[in-house]
Each structure stands twice: as C-alpha cells, then as structure tokens.
Amino acid sequence: INAEYMGAQAVSRIPKVNKSAFTPFSYNFASENEIKSVEGNKPPALEDTPHGRYASVLFSSASKQDALFTVLEDVRSLREIYSKSDAFRNFVSNTAFKRTEQQTVVTELESMAGLNKLTVDFLNTLVDNKRVDILPKILDKYIEFYRILNKEENITIITATELSSEDEEKVREALKKSNKGVTFTLKFQVDPTILGGLQMYSGNRFMDASLASRITKVKGELAKISI
C-alpha cells in the first residue's frame with residue numbers, strides 16, 4: 001500500500017466534526033475567560049523543546065491577531081479528533097506521507113472542523129517543516145499555556161497511602177491559600193514506594209517531599225563521609 005493511498009484513506013476515515021460539540025466531552029471550562037490576546041504576545045511559560053517552541057509560536061501569532069481563544073477552540077477540536085480517530089493518529093505518526101498528501105489532510109480538516117486560517121497556516125508550517133508527528137504535544141502545550149493565563153492548574157498528588165476525604169480537602173485548602181485566584185484540578189494517586197510524605201506534579205514541575213527521597217539523600221550524604 002503506497003503512501004498516496006494511505007493518505008487518501010486517512011482523509012476518508014477522519015470523522016466529520018462540529019467543533020462546538022467538543023466542549024462537553026473532556027473539558028469543563030464553564031467559568032473560563034475568553035482571552036483574546038496578552039501584552040507582549042508572549043506565552044506565560046517557556047519550554048525549550050520542539051513542541052514547546054512551536055506552541056509558543058502559535059500562541060504569539062494568535063495573540064497578535066486577538067485570536068487566543070479562537071485558536072484554543074481549534075486546538076481542542078484537533079485534540080478530540082486525535083483521541084477518537086485511528087486514521088488521524090496514524091496519519092500524524094506516519095512520516096511516509098508526501099507533503100502534498102499531508103496538505104490534503106489539512107485542507108479536509110479545515111473544512112470538517114471549521115478551523116481558523118491562522119490554525120490552518122500553522123498546520124501547513126508543520127507539514128513544510130516535517131514536524132506533524134509532534135502535533136499532539138503542541139496541542140497539549142497550547143492548552144497548558146491558556147490554562148495558566150486563565151489561572152487554572154492541574155496537579156497530580158502522590159502519597160504512600162490513600163488520603164481520606166478530609167485530608168484531600170486540607171490539601172486543596174492549602175493550595176488555594178498559597179495561590180489566591182487559581183483554580184486547581186487535583187488528581188490523587190497512591191504509590192507505596194515513596195514510603196511517606198508526598199510528591200506533586202504540575203506540567204513540567206515536580207516537587208518531591210517523599211520519605212523515600214529523604215532517605216536517599218541521607219544515604220548519599222553518609223556515603224560521602226564514610227571511610
């Protein structure tokens with residue numbers, strides 16, 4: 001099966017979409033602010049990775065055109081298509097497609113999802129630069145940028161044993177007290193290997209206050225002074 005045939009199949013098997021229908025599926029942004037642009041047109045965080053740099057370019061371009069929220073809707077639509085369409089996932093991960101075949105898929109996406117011209121131009125830039133394979137990470141990073149602007153933060157908290165509802169609420173209140181105005185979505189996980197204390201993940205940030213890490217640190221210090 002040649003790449004041209006596979007490209008045609010990818011287009012034909014991507015489901016017809018209406019991006020207004022995507023909001024209820026995986027997102028809850030009922031209190032979200034529709035931010036069109038930011039001063040300086042720079043993203044709220046920087047990440048020196050290929051997907052981080054591309055997401056920053058998309059963010060800056062959208063801000064310059066007062067289209068941050070409009071592009072966010074496109075990004076959500078593309079993310080939902082990626083999560084539900086095997087054909088689209090195969091297309092994104094397959095580097096064998098020709099440039100013209102990839103552009104055909106982008107054109108179909110523009111029509112089916114009603115994408116903004118800025119988003120379409122960005123997708124074609126990925127095609128030209130042969131970086132379509134990192135599209136999912138770019139989409140996730142753009143969503144993260146917008147959540148930071150909107151003062152939303154997702155945090156994963158890992159403990160050695162399951163916390164009670166009362167303890168979980170204490171964690172929420174502590175975060176709210178030290179980060180006024182920020183809305184937190186917390187996910188609690190259990191990992192007995194950390195022994196005690198807790199670990200916290202938020203985006204690329206990681207805080208390790210576990211007992212296991214303390215023991216490892218003490219062992220390392222003891223090793224330095226052992227004879």
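1. Leu195, Leu211 and Ile215 form a nonpolar surface patch of about 240 Å². Patch members have over 30% relative accessible area and no salt bridge, with nonpolar side chains joined within 5 Å and like charges within 9 Å; a salt bridge is a side-chain nitrogen of Lys or Arg within 4 Å of a carboxyl oxygen of Asp or Glu. Areas come from the Shrake-Rupley method with a 1.4 Å probe.

2. This is a predicted model, in which local features need pLDDT of at least 70 and side-chain atom pairs pLDDT 80 or more, while totals use all residues. Numbering starts from 1 along each chain, and side-chain values use heavy atoms, without hydrogens or water.

3. Isoleucine 215 lies in helix α10, residues 211-225. Its relative accessibility is 34%, so isoleucine 215 counts as partly exposed (buried is under 20%, exposed over 50%, partly exposed in between).

4. The protein chain has 10 helices and 4 strands; these are DSSP runs, H or I of at least four residues for helices and E of at least two for strands. Of its 227 residues, 40% count as buried.

5. Buried residues of α3 include Tyr54, Leu58 and Phe59. The buried residues of α3 pack against α4, α7 and α8, where contact means heavy atoms within 4.5 Å. After α3 comes aspartate 66, with a positive phi near 55°.

Technical notes. Buried < 20%, exposed > 50% of the residue type's maximum accessible area, 1.4 Å probe, protein only.
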